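Let's take a friendly walk through this model, from its core out to its charged pairs. Please have the structure open beside you as you read.

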Amino acid sequence: MANSGDDPTVFSCTALPSDSRLLPTVTNAYLGTRVYRDILHVNGIYNGAVGDTHRADVPSPINVRMKVSSKDGVTETFSLSTRTGTFSHVLQSPEYTATHRIYAHHAHVHLLAFSITIQRSTTKRQPITVQLQSQFTPKSPDVDFNRGPDYQGAQYIYGKTLIPEVEGGPQPAVHMVWTPVPQAVILLGEEQEQSWEFLTAVAESEEGVKRHFREGMSLVAAGSLYSSHTQAWAARWRGCCVDVDGPLPLKQAVYGCLYYLLSAIPPLGSSGFLFHGISPGGLSNGTQGEDYWGHVFWDQDTWMFPNILLFYPEAARAILEYRIRTLDGAMHNAQELGYKGAKFPWESAATGREVCPEEVYGAQEIHITGDVLLAFEQYYHVTQDTKLFREDGGWNLVGAVSQYWCSRMVWSEEEQCYHIKGVMPPDEYHYQVDNSVYTNAVAQRSLNFAADLACDFQIPVPEEWLEFAKEVKVPFDTEKKYHPEYDGYRPGEHVKQADVVLLGFPMMYPMSPEVRRNDLEMYEPVTEQDGPAMTWSMFAVGWMELKEVQRAQSQLSKCFNNITEPFKIWSENSDGSGAVNFLTGMGGFLQAVLFGYTGFRITKNSLNFDPVCPDDINRIKVTGVSYLGNKLNFTITKERIRIKVTKSSGDPRSSLLEAVLVESGQRILLHEGQIVVFPTTAGWIQRASAEPF
């Protein structure tokens, strides 16, 4: 297997991986599948009760593969273009080239499509036949499909899921219209080139699916179905890119991670799109028994969300709206366990009720509730979108989470502080422990944010929020100057994954460089070497903070053990086990690049930067950073930082930004369209000060 030259955006091979799980995915925010897979999944459509709920399998009409009767002189190439969101299979012979393109439309998200193009290479005029191999049957174990009348030459089925998530709950409908696929396509003798387009539309109503199918067929008739898809991807990349002038594997890894993550978020300009979150394996995975059944975890809020927020706040908002819509389920979870407020589920599907099949995780891995609120806090600081909180339910969620944390804490007379008992920390090797340092710190962070937000909105702050935040125990060993993972943790105990190191980032819990170093050195050697893929990214970020660049690169290099060839699909564990298309690991890796190399940090009043440039990286260019309604480009080298505001928003007097440099205190106004350049140093971006300077 070989990749396509030195182009880091295209992944190619001449033979597919033997493990079909490692084939690339074609997804958008509504539909997803793996290439050559017989099923697809639909955003928010689950089947099964509680712990058995999983993404409903829908038969995939685009599971088609080209074949030719004779392979004499025929070469095959399989390619994934991350720039265009397209998987291609090319058959090339001396007489012809046949190209099969598969894609999930990036703008019209209710459409999946593929095309076959045959192009004659000689003056011979005999017909050329390409067989189309398909195993499609319009049946599903999860949806009670019925056959409807054909529609505009296409076939139509409809049905609803068999089992609701909770008793009496909704059973969503699935309607699908698709172009029938012939057994073969033939380029006639008098033809030089011919293309055939095949369309699948999926929606949750008959009217909707037929409307989307008509829209797709209109684009086919205009010859613009595929071009409208690639134009949507081009617009996406124009507004968001990380270009690393460094080793090819690093560049490929970054583009692969961005492609798979951007495939999962709502399209540009789709405010109001009813989004149902991102599971660890994305929409392409999540059938029963696979990739955590398509459930949504902290993976979304902690590992994927910060990258999405920094580029596309509107997509980040859609993720938060999913959490707001499932608030009732979270409140039910808390009440069921005897607590107040809202306890977000460790595994979430359609309702926000706990759907984890193993009770210990659902009952004890409660840091998820703080992880959700940390995402809301980051969003608020980046956007100052008060409407989400004042009018669209965000404040209710903030208050309910705060109420939960207060009800979950108990006072210790012995230590004269509040404890949180009987939890499982992010390190899932340990459970039923008291005072997980990460859990307690994120609970404290939740309460502090809630109090700050109340002040911003001139809402009286409940005294208990301030008291519990101030008095909750955050374990710290004053002798060894490090954070024990929980009460009773003994140095040297084995740890599954990144846990305490998350205090430094993304939590930004106050600590000295000495303590940060001690935490890294304490946990690095005892953390599972083959564990979840996101772990080493966080160690890398920590060492970058301390300017230990070689140690950071050593940790980041471990991530490459989780990247499979040739399509850069991530596995959850480096031995290939666990979830595949592991967006969680990709999200962690992107944070190491996007927040590690640049030193970006989201704070209450600024976007900080403090870059590091390893020896093998000449330049990092980050395009489309969003901050307070502005879009900025950063170009960072060892010697210089260049910043350009490419788009400003709102009243120029209130949205004008400035860069403030730490060492000199210099303030540099950032006007739209102008480039500012200064020596590489730490600093921050903030609203321009009204003070003269």
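Contact here means heavy atoms within 4.5 Å. Before going further, please note that this is a predicted model, in which local features need pLDDT of at least 70 and side-chain atom pairs count only at pLDDT 80 or more, while totals for chains, interfaces and linings use all residues. Residues are numbered from 1 along each chain as its sequence is written, and side-chain values use heavy atoms, with hydrogens and water left out.

**Cores**

I685 is also among the residues that touch the most other members of the largest nonpolar core, together with W405, F567, F589 and F600; this core has 202 residues. A second, separate core has 15 residues, including L111, A203, L219 and L225. A nonpolar core is a set of buried Ala, Val, Leu, Ile, Met, Phe, Trp, Tyr and Cys residues joined through side-chain atoms within 4.5 Å. Buried means under 20% relative accessible area, exposed means over 50%, and partly exposed lies in between (1.4 Å probe, protein chains only). In soluble globular proteins, nonpolar side chains tend to be buried together.

**Helix α12**

Which residues of α12 are buried? In this helix (residues 463-471), they are W465, F468 and A469. They cover an arc of only 100° around the axis, which puts them on the same side of α12; the arc is that of the directions from the helix axis to the C-beta atoms. E463 and K470, on the other side of α12, are exposed. The cover over the buried residues includes α10 (394-408), β21 (417-419) and α11 (437-456). Helices (H or I, at least four residues) and strands (E, at least two) are DSSP runs, numbered from the N terminus.

**Domains**

The protein chain divides into domain 1 (10-234), domain 2 (240-309 + 529-692) and domain 3 (312-472), with bounds from an automatic or database domain assignment. Between domain 1 and domain 3, the C-alpha centres are 41 Å apart. Seven residues from domain 1 and 10 residues from domain 3 make the contact. Together these two domains bury about 570 Å², 64% of it on carbon and sulfur atoms. Buried area is the accessible area (1.4 Å probe) that two parts lose on being put together, summed over both. On the domain 1 side, G51, E165 and V166 supply 63% of the area buried against domain 3, more than any other three residues. The count of salt bridges between domain 1 and domain 3 is zero.

**Salt bridges**

A salt bridge is a side-chain nitrogen of Lys or Arg within 4 Å of a carboxyl oxygen of Asp or Glu, and by this rule the count comes to 25. Here are some of them:

| Pair | N to O distance |
|---|---|
| K210 and E206 | 2.6 Å |
| D301 and R323 | 2.6 Å |
| D487 and K473 | 2.9 Å |

K210 and E206 both lie in helix α1 (residues 206-221), four residues apart, about one turn of the helix. K210 is buried at 13% relative accessibility, whereas E206 is partly exposed at 38%.

D301 is buried at 2% relative accessibility, and R323 is buried at 0%.

Finally, a network of salt bridges links R317, E321, D385, K387 and D392.
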